[in-house]
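Thanks for coming, everyone. I have one structure to walk through today. Please look at the screen first, and then we will go through the details.

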Amino acid sequence: MPIVVRIDVLLAERRMGVGEFAEKVGLTPANVAVLKNGRAKAVRFSTLESICRVLDCQPGDLLEWVDEDAEVLS
């Protein structure tokens, strides 16, 4: 998938567990896992806003676009 969600990296940097994060954002731990594993098809802006507020970050810190075509050519 060309969009990588970096929640796990940000949680580790902030020494925050998934349970605490999920509670503060208002998600279930299962939905956090869906985001972390790249299985989410969409994210509401309100959820993205909550994630950014809790992690004190910008949306670009959470999401990274990876050019899959460039990886194949490398």
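First, a term for surface. Buried means under 20% relative accessible area, exposed means over 50%, and partly exposed is in between, with a 1.4 Å probe and protein chains only. Next, the ground rules. This is a predicted model: local features need pLDDT of at least 70, side-chain atom pairs count only at pLDDT 80 or more, and totals for chains, interfaces and linings use all residues. Residues are numbered from 1 along each chain as its sequence is written, and side-chain values use heavy atoms, with hydrogens and water left out.

One more term before we start. Helices (H or I, at least four residues) and strands (E, at least two) are DSSP runs, numbered from the N terminus.

Let's begin with helix 2. Helix 2 covers residues 18–25, and Phe21, Ala22 and Val25 are buried there. Look down the helix axis. The buried residues of helix 2 fall within an arc of 100°, so they line one face of the helix. That arc is taken from the directions that run from the helix axis to the C-beta atoms. Now turn to the other side of helix 2. Glu23 and Lys24 are exposed there.

What covers the buried residues of helix 2? The cover includes helix 1 (7–13), helix 3 (29–36) and helix 4 (45–55). Just after helix 2 comes Gly26, which takes a positive phi of about 95°.

Now the core. By nonpolar core I mean a set of buried Ala, Val, Leu, Ile, Met, Phe, Trp, Tyr and Cys residues joined through side-chain atoms within 4.5 Å. The largest one has 16 residues. Those with the most contacts inside it are Ile7, Leu11, Phe21, Ile51, Leu55, Cys57 and Leu62. Helix 1, helix 2, helix 3 and helix 4 each give two or more residues to this core. Helix 4 provides the largest share, four residues.

Take Leu55 as an example. Contact here means heavy atoms within 4.5 Å. Leaving aside neighbours within four places in sequence, Leu55 is in contact with Leu10, Leu11, Arg14, Met16, Phe21 and Leu62.

Thr47 counts as buried, at 18% relative accessibility. Not counting residues up to four places away in sequence, Thr47 touches Val25 and Leu27.

On to the cysteines. A disulfide is a covalent bond between the sulfur atoms of two cysteines. How many disulfides does the structure hold? Cys52 counts as buried, at 12% relative accessibility. Cys57 is buried as well, with a relative accessible area of 9%.

Now charge. Side chains of opposite charge can pair when their charged atoms come close. A salt bridge is a side-chain nitrogen of Lys or Arg within 4 Å of a carboxyl oxygen of Asp or Glu. The structure holds four of them. I will show you some.

One of them joins the side chains of Glu64 and Arg6, at 3.9 Å, N to O. This pair links distant parts of the chain, 58 residues apart. Glu64 sits in strand 2 (residues 63–65), and Arg6 sits in the loop between strand 1 (3–5) and helix 1. Glu64 is partly exposed, with a relative accessible area of 37%. Arg6 is partly exposed at 27%.

Back to helix 2. Lys24 forms a salt bridge with Glu20, and their closest N and O atoms are 3.1 Å apart. Both residues lie in helix 2, four residues apart, about one turn of the helix. Glu20 counts as partly exposed, at 39% relative accessibility.

Helix 4 has a pair as well. Glu49 forms a salt bridge with Arg53, with the closest N and O atoms 3.0 Å apart. Glu49 and Arg53 are separated by about one helical turn, being four residues apart in helix 4. Is Arg53 buried or exposed? Arg53 is exposed, with a relative accessible area of 56%. Glu49 counts as partly exposed, at 49%.

Last stop, Gln58. Gln58 has its place in the loop between helix 4 and helix 5 (59–62). Gln58 is exposed, with a relative accessible area of 54%. The C-alpha atoms of Gln58 and Leu10 are separated by 11 Å, and these residues are 48 apart along the chain.
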